[in-house]
Structure formats: structure tokens, C-alpha cells
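I opened my notebook for a first look around this structure. Here is what I looked up, entry by entry.

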Amino acid sequence: IFFRVYFFFSPMKLLHLCYLFCLLDTIYGRKTFLQLIPNGDNVVYDGRYWPGVGHKWRGGGGPLNQFGIDFKHSGFNWDHQICMKDSDGDGRTNGEELGDPECRWTVGSTPAQTTGITPPGK
């Protein structure tokens, strides 16, 4: 019986299980945040898909970029203030970069523009 219990709860299996849960949490978390901004799943930088919109790293996770910091301070709400802000200082508002130049987008709706979408934190 000891062998069966130990085999079922072996340290390596627990480590793999923890890794799986962390991976699923990361994937779920990223997808959730991308739905809270216009074109969140349609951002391209240097010709490559950029799913880590609010992060310094392309794949997300790790440190937040300035847009990620600003979005966090907004309570993760896409509102007029975060839309009109130029988080990365490139002369284009976050809304312009994400396809919502008039700041009218709401969660679940289609943004005014769906092409030419760039990360507002790069």
C-alpha cells in the first residue's frame, strides 16, 4: 500500500501537476485580459503576433510594460482615460493603436478598426 500511495503522489508527478496548473493559469489569464481591450488578440509587432500586450515580453508574463501598468491602475477597465492615454509615448493614443480611435469600444463588440493593430506599450 505504501508503494501505491508513494507512486501516486511521487514528487515528480506533483511537480508536473503543479507545472500544468501554472501553465493553464497563465494561458487562461492571458486570454481573459486580451478580451478586456479592443483587438487584444489581434496585436502585431514587427510582423509577429504579440499576445503579451501588457508585458515587456512578447509571450506575456514577467514585468509589465507601461500600458500594462496603466491598464492595471485603471482597474483593468477599458475606459476613455486609458483609451486616450499614450502609454508608450509614440504619439498615438492607446485607442488608436488598438483600433478604437474614438474610444467607443465595449467588451464583446467589434472595434472600429481590426487591421494595423500595434501594441500600445512598445
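**Entry on Glu 96.** I looked up how open Glu 96 is, and it is partly exposed because its relative accessible area is 30%. For that label I used these cut-offs: buried is under 20% relative accessible area, exposed is over 50%, and partly exposed is in between, with a 1.4 Å probe and protein chains only. Glu 96 sits in helix 5. Helices are DSSP runs of H or I with at least four residues, strands are runs of E with at least two, and both are numbered from the N terminus. Leaving out residues up to four places away in sequence, I found Glu 96 touching Gly 91, Pro 101 and Gln 113; contact means heavy atoms within 4.5 Å.

**A note on the model.** This is a predicted model, in which local features need pLDDT of at least 70 and side-chain atom pairs count only at pLDDT 80 or more, while totals for chains, interfaces and linings use all residues. Residues are numbered from 1 along each chain as its sequence is written, and side-chain values use heavy atoms, with hydrogens and water left out.

**Entry on the disulfide.** How many disulfides does a search of the whole structure find? I got 1, counting a pair of cysteine sulfur atoms within 2.5 Å as a disulfide. The partners are Cys 83 and Cys 103, with sulfur atoms 2.1 Å apart. Their link is left-handed, with -90 degrees about the S-S bond. Cys 83 belongs to helix 4 (residues 80–84) and Cys 103 to the segment after helix 5 (94–97), so the pair ties together parts 20 residues apart in sequence. I checked both ends: Cys 83 is buried at 0% relative accessibility, and Cys 103 is buried at 16%.

**Entry on Asn 94.** Asn 94 is also in helix 5. Is Asn 94 buried or exposed? I found it buried, with a relative accessible area of 0%. Beyond four places in sequence, its contacts include Cys 83, Phe 67 and Trp 78.

**Entry on the core.** The largest nonpolar core has 14 residues, and Ile 37, Val 43, Val 53, Phe 67, Trp 78 and Leu 98 touch the most other members. Such a core is a set of buried Ala, Val, Leu, Ile, Met, Phe, Trp, Tyr and Cys residues joined through side-chain atoms within 4.5 Å. Helix 3 (66–73) and helix 4 are the elements giving two or more residues to this core.
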